[in-house]
Each structure stands twice: as structure tokens, then as C-alpha cells.
Amino acid sequence: MTSNRVAAGTDIGGSAVNQLNGPIEIFVDVNLDLYVADCFNNRIQLFHPGESNGITVAGNGSQNPTITLYIPSGIILDADKYLFIVDCFGHRIVGSDLNGFRCLVACYGSGSQSNQLFSPLSFSFDRSGNIFVADQGNSRIQKFLLMKDSFAESCNQPKLCSTATWNSNAVTFANRSIVGSKPRAIFVNTNNTIYVANREENTILIWHEESVSPTKITHDNFTQPNSLFVTSNNDIYIDDGEKNGRVQKWIAETNNFVTVMNVKSSCWGLFVDINNTLYCSMLQHHQVVKRSLNNSLMVSDCVAAGTGIGGPDSNQFFFPHGIFVDVNLDLYVTDCLNERVQLFQLRESNGITVAGSKSQNPTITLDCPTGIILDADKYLFIVDQDSSRIVRSDLNGFRCLLGCYGSGSQSNQLFGPLSLSFDRFGNVFVLDQDNHRIQKFKYFEESCGKFKTIE
């Protein structure tokens with residue numbers, strides 16, 4: 001029991017590289033690197049063996065600041081050296097990946113609900129990847145289950161080079177006799193299963209991979225759906241707001257429908273993010289609302305974006321349609337009559353125009369954008385409805401991708417398209433609304449090397 005040696009810190013509180021101010025939790029990896037939650041400096045410090053000066057790897061003063069910490073108190077390093085941090089006064093758990101830091105759990109402000117924390121202090125993983133949090137302010141231990149089949153994995157997010165091309169002449173995948181008049185909802189999941197809503201017959205059509213004829217889900221509980229979303233466990237979320245003021249969920253395991261959200265009007269866009277939060281874009285109310293599906297109580301929906309009054313301001317919409325939420329919980333919305341695409345970062349009420357009217361780098365004009373998908377490199381694919389085309393962004397800005405020869409019914413034309421979806425091979429399926437058909441544009445694999453999707 002000899003005298004202890006100093007591993008880090010000068011014994012005088014401060015913010016210099018060799019100082020700490022209220023260190024709380026520590027983690028030492030197999031290389032004997034020491035990570036310290038430097039609480040009152042709002043940072044995480046890394047001390048290499050034998051080094052007295054620390055390196056700020058997260059928070060205040062870090063070289064690559066992608067997140068702000070507020071009294072970090074707990075830290076764990078995973079097998080790939082990514083960090084998981086308890087942000088005590090931020091009332092949340094954050095984690096790092098290739099793109100920086102993002103909020104993982106309790107991303108909706110402090111509180112005592114099942115999706116909230118209040119001054120958490122420390123946490124730990126079990127061997128299944130579930131997170132146990134000492135939720136200090138609520139005097140409880142919370143367990144957050146790992147979603148092994150992440151809901152984000154249900155979306156095909158292509159990874160494409162700038163030279164990627166598709167056959168400009170599409171094949172008609174399904175015509176009016178199958179999808180009915182003016183179809184509005186399509187989704188292709190990572191298993192290459194294609195889902196389309198037939199509004200005339202109030203059915204959901206399902207084509208499993210390589211199947212020619214669809215199977216049908218028929219139910220009296222939804223009417224004229226405008227959107228649908230399918231999660232990785234094959235549960236289907238279907239709009240039923242126009243007549244019944246709700247969103248329905250078809251549970252694949254039980255073959256039953258349940259109501260999961262009450263809404264004021266039809267949802268023209270539906271999305272379930274990686275935190276199991278359901279979003280609905282209400283065109284007639286100029287707003288996007290959301291609710292956590294982890295909360296069994298049907299509490300009032302939260303406003304994700306929009307004031308509920310149509311307008312052109314950064315916090316307003318004028319007929320929002322398609323929505324997409326990425327793994328950082330950034331919300332992208334096609335703002336139809338404002339002729340733009342808006343990005344709302346987490347907890348921000350003001351949007352950033354990333355395409356169309358008044359964008360910072362205008363390289364294309366939009367005319368009622370209605371559908372949107374973000375690829376693996378955060379480039380946008382947009383359905384430009386009134387221009388009857390699909391546009392895409394890359395390093396050089398935006399350009400027309402499909403339907404670039406004017407509106408019409410030819411194989412290289414579209415007429416009032418509404419939404420799009422990728423299959424896992426990079427082929428594009430377009431809901432060609434006013435032609436009452438689904439068009440498939442084949443991806444040229446040789447134009448970009450082997451096609452990859454996010455796993």
C-alpha cells in the first residue's frame with residue numbers, strides 16, 4: 001500500500017490541458033488510455049499513458065465539435081473506440097460514430113416520462129447491448145432496449161458516386177388496374193418488398209421480392225390513405241386521417257390493426273425514426289407532428305416543425321408533404337407551395353432551406369416538391385411534382401435525374417409524381433400519380449461500381 005501516483009490532473013481545478021474541474025467518471029481501455037468525464041469543464045479528456053496533458057475528445061474545446069456537453073458525468077468506450085457519454089444536465093445519453101456525436105436516448109428534454117431522464121449520473125451496458133441508466137433526479141434505474149433491427153434499417157439509403165445513372169426509360173411496375181386511381185403511397189424495404197396503397201379499394205398491396213402478383217391486406221379500418229411507412233419487423237403504418245383522424249398500425253405478427261396516433265387531418269408523409277418516434281406531415285394544417293411509440297399512453301402529439309399557420313417564414317410551411325428523418329434525428333420536409341425543402345435540426349423550430357426557393361446555394365428551382373429521400377452521403381433525392389421530375393444533389397449542386405423531358409405518359413416521362421423509393425439494388429420506384437402507375441427506373445451498376453446500401 002504505497003503512495004498513490006497521479007494519473008491525471010494537478011490537484012488544482014482548472015481548464016488547462018493538464019487540469020480537471022470536477023472529474024466524475026473514468027474509463028481505461030486495453031491500451032491503458034484514460035478517459036475522464038471532466039464535469040465542470042463540459043468536456044471529455046483523454047490521457048495517454050505517461051502523458052500529463054489531456055486531449056479533448058468531446059465537448060468544449062474539442063477539435064471536431066459536433067455536440068455540446070453540459071456537465072458530462074459518465075463515460076463508456078465501446079469495442080470500436082466510440083464513446084457513450086452521460087450528459088447529466090443535458091438529461092440524455094449521447095454517442096459517437098463515424099459522423100461525430102448524436103443524441104441516443106432521452107432526446108426530448110428533461111422529465112419523468114419513459115423517453116426522458118432527469119439529471120442522469122452514470123450508466124452501463126448488459127451483454128445484449130441494453131443500456132441501464134442511473135436516473136438520479138427521478139430516483140430510478142431506467143433500462144433502454146437495444147433495437148437490434150433498427151427502424152432506420154427499413155429504409156434503403158443508397159450509397160452512390162457522383163456519376164451514378166439510371167435508365168431514363170422506365171418500365172411500368174404496376175398500372176391503374178392494380179394500384180387504382182391516383183395512388184399516393186409507396187415504400188420499398190431493405191428486403192426488396194414493395195408496399196403500395198390502393199386508395200380506391202382501401203387495400204395495401206405487397207410484392208415480395210421477385211413476385212409478380214401482389215398479396216393484399218384489406219381492412220375496413222382505413223380509408224383513402226395518402227402515405228405509409230414500413231418498419232424492419234414488417235409492421236405497416238398507414239394514414240387514416242382524412243376520415244377517421246388517426247394513423248393505423250398493421251402488426252405483422254398478429255395480422256391486426258391498432259391505432260397509434262390521433263391526428264387532425266390526413267398524413268401526407270409518415271416516418272418512424274431510429275428512436276421509434278412516429279412523424280406525420282399534416283398538409284392542411286401546415287405542420288409536422290410526432291409522438292414516441294415507446295410511450296403506451298396516447299398523449300397529445302408534439303409539434304416537430306411548423307406553426308400551424310401557412311407561411312414562408314423559416315418556422316412555417318405551406319402544404320408540407322414528404323418527410324425524412326436521418327440517424328442524427330434531422331428532419332427534412334418538402335414544403336410544397338413554398339417551393340423548397342426545409343431541414344429542422346433536433347430541438348430547432350426554425351428550418352434551414354436546403355433546396356429550392358431562398359436556399360443558400362440555389363442551383364435548381366423547385367415547383368411543389370412532394371417526396372424526399374436522403375442517401376448515405378446526405379445527398380437529397382427530391383420528387384418535384386409540378387415539374388414532373390426527380391432531382392438529385394451532389395457536390396456540384398442539384399440536377400434533373402429522371403423525367404427530364406417534360407410531363408407526359410411516355411416511358412421517359414412522369415406526370416404529377418408524388419413520392420419515390422429505392423430498392424436495395426439502387427433501382428428507383430416512382431409513384432407516378434397522374435398517370436395512375438408505378439414506374440421503375442433501372443440503376444446502371446456499371447456507372448458507379450458495385451451498389452451499396454447502409455447496413
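How many salt bridges does the rule find across the interface of domain 1 and domain 2? The rule finds zero there; a salt bridge is a side-chain nitrogen of Lys or Arg within 4 Å of a carboxyl oxygen of Asp or Glu.

This is a predicted model: local features need pLDDT of at least 70, side-chain atom pairs count only at pLDDT 80 or more, and totals for chains, interfaces and linings use all residues. Residues are numbered from 1 along each chain as its sequence is written, and side-chain values use heavy atoms, with hydrogens and water left out.

**View 1. The whole chain.** The chain holds two helices and 37 strands. These are DSSP runs numbered from the N terminus: helices are H or I with at least four residues, strands are E with at least two. The C-alpha trace spans about 85 × 45 × 45 Å along its principal axes. A compact globule of 455 residues would have a radius of gyration near 23 Å; the chain has 24 Å, which agrees. That radius is taken over C-alpha atoms, and the globule rule is 2.2 Å times the number of residues to the power 0.38.

**View 2. Two domains.** Domain 1 covers 23–144 and domain 2 covers 165–444. The bounds come from an automatic or database domain assignment. Their centres, taken over C-alpha atoms, are separated by 35 Å.

**View 3. The interface of domain 1 and domain 2.** Eleven residues of domain 1 are in contact with 13 residues of domain 2 (heavy atoms within 4.5 Å). The buried area is about 920 Å², and carbon and sulfur atoms give 39% of it. Buried area is the accessible area (1.4 Å probe) that two parts lose on being put together, summed over both. R102, C107 and Y108 supply 50% of the area that domain 1 buries against domain 2, more than any other three residues.

**View 4. The domain 1 side.** Strand β8 (residues 100–105) gives the most to the side that touches domain 2, with three residues. The residues of this side divide into five nonpolar, four polar and two charged. Here Ala, Val, Leu, Ile, Met, Phe, Trp, Tyr, Cys and Pro count as nonpolar, Asp, Glu, Lys and Arg as charged, and the others, Gly among them, as polar.

View 5. The rule counts 18 salt bridges. One of them joins the side chains of K81 and D33 at 3.8 Å, N to O. K81 sits in the loop between β5 (72–77) and β6 (83–87), and D33 in the loop between β1 (23–28) and β2 (34–38). The pair links distant parts of the chain, 48 residues apart.
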